[in-house]
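My notes follow the structure.

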Amino acid sequence: MNDTAALTTRLSEFLALQNHKHFIHGAYQSGSTDQQIAVINSATEDVIGRVSLGSADDVDAAVASALKAFHHASPWRRMSPDDRGKILYRYADLIEEHTETIAQLVTLENGKLIKDSRSSDAGGAAKTFRYYAGWTTKIEGETLDLSQPQKGGKQNFALTRREPIGVVAAVVPWNFPVSIASWKVAPALAAGCTVVLKPSEETPLSALLLAELAIEAGLPPGVLNVVTGDGATTGAALTSHPDVKKITFTGSTHTGKLIGKAAMENITGVSLELGGKSPAVVFDDMIDQAETAKGIAAGIFRNQGQVCVAGSRVYIQKKSFDRVLTDICHAGESMKISHGFDETADLGPLVSKSHLQTVQAYIDQGKKDGAQLLSGGRNPMEKGYYMQPTVFSATDHQQTIIEEEIFGPVLVAVPFDDLEDALEKANDSSMGLAATVWTQDISKAMTMINRLQAGVVYVNSPVRSDPNLPLGGYKHSGIGRELGKTGVYNYTTLKSVNIVF
Ligand code: NAD
């Protein structure tokens, strides 16, 4: 498969199936058509398995299963929050126990480094399930004093209660296939909902493995279903299904707009976690030049730049511009590029051939538009979809590589004069997912925090997700927030009650 370490027995058995089915009502089920999608190892370009391309009928079957599991008399709905929590704790433990199997599978289907698959995907998912296991017993409404007296001077008692919203459609991308799935599935289950998960066609296998583990953890059949397939057929059928009560989507802004429209056809609740073009702003008074450059490099090159919150535009104050940029280029150039199973690698292949072509086209466009290529810019390997850490320097702010999300290891650096200039440039974007600020002046940092148009702001650190920190975007980066308390309340609906006596 690569110069890989030995695959775990469980993964070898899983891959030996070769043709993978949907996971519906607690078991594998064949698709209603013979259509399949090949899953490719992006380091070797080998096919590692095939999944069914889910039809509208397959989606119907999965939604029907989720609806049945959501019936008020079902085992899931009758379960106490405490017991629901116990299952989620078990699920978290099982994910942790199977870290190596999950990580190897994610590296095979996505290409990413095994150390990242272990920590971000398997590890991240275990932490997210454990975090939300604790939330099952903490969902609460409010008691309210009404603003008007009751007719006839009667007494009253007004309250709100939060109820699980119903069947949830979770549509996820390929960049963190397991952890992003967990950001949706864990809070939805904690709230008492049932889920149909549609993984990306690039990375569908790890979602099937997650569904197997859910059953082993004790989740009743139908509570978590997985339908594999593409966006145009499977994803569209799921997000336009009338029995779905909430769509939670992470992916590109383009797809998010389509899903938002489909959701409104059925007045389905929707949250959209979309693309980013996040700025990093480096002031002359940064704490430490080497640490700052390392942080900026990590913020863009981690996971091959395929990170929604990647800091892909760096604004550096003029006096420091050349020296910080030299350090960033150096950090990129010293990264070891290799296949995902190389434990010493710093950068693996991109997810697919077509994605590599997209990233390469942006680099070519940058050169054409007059940005100066300082470092990287090509695939250094003969086989596999690799891209070097790439750094551009630009003075003209109006150009494609500064405006559009590239979703690869490509950074554009632009100088700025002062705080106002930095804010103007950083906010001059249709996106607003994240931003980082690098300074030792706390009052400057506070001004930036207050005025940056971004859903997440980190100071003196690249952005890292955390189960207790809400994530989401301003502007075209999305609607709604996931993770944290908000994350679980996404999957509830509010009932207002007034008892008059
Ligand atoms: P994508 O939009 O192409 O696909 C995402 C998912 O949507 C896939 O499962 C795909 O099959 C499905 N899909 C595609 N068309 C659909 C349709 N018409 N109806 C329903 N489903 C459809 O995105 P991608 O290339 O997989 O992922 C990369 C994008 O995800 C980037 O833009 C990145 O910024 C974004 N992202 C955002 C966050 C965040 O938290 N904001 C996190 C990770 C990735």
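I looked up Asp 421 and found it buried, with a relative accessible area of 16%; buried means under 20% with a 1.4 Å probe, protein chains only. I am working on a predicted model, where local features need pLDDT of at least 70, side-chain atom pairs count only at pLDDT 80 or more, and totals for chains, interfaces and linings use all residues. Numbering runs from 1 along each chain as its sequence is written, and side-chain values use heavy atoms, without hydrogens and water.

Asp 421 sits in helix α15, residues 419-427 (helices are DSSP runs of H or I, at least four residues). Its side chain reaches the backbone nitrogen of Asp 417 at 2.8 Å.

Next, the domains. The assignment, automatic or from a database, gives domain 1 (9-274 + 478-497) and domain 2 (279-467). I read 31 Å between their centres, taken over C-alpha atoms.

I then checked the interface. In contact (heavy atoms within 4.5 Å) are 31 residues of domain 1 and 31 residues of domain 2.

Which salt bridge does Arg 118 form? Its partner is Glu 343, with the closest N and O atoms 2.8 Å apart. The rule (a side-chain nitrogen of Lys or Arg within 4 Å of a carboxyl oxygen of Asp or Glu) finds one salt bridge across this interface.

I also noted which helices line the domain 1 side. α5 (99-110) and α6 (114-133) each supply at least two residues of the side touching domain 2. The largest share, nine residues, comes from α6.

Conventions
Buried < 20%, exposed > 50% of the residue type's maximum accessible area, 1.4 Å probe, protein only. Polar contact = N/O pair within 3.5 Å; in protein donor to acceptor, adjacent residues only side chain to side chain.
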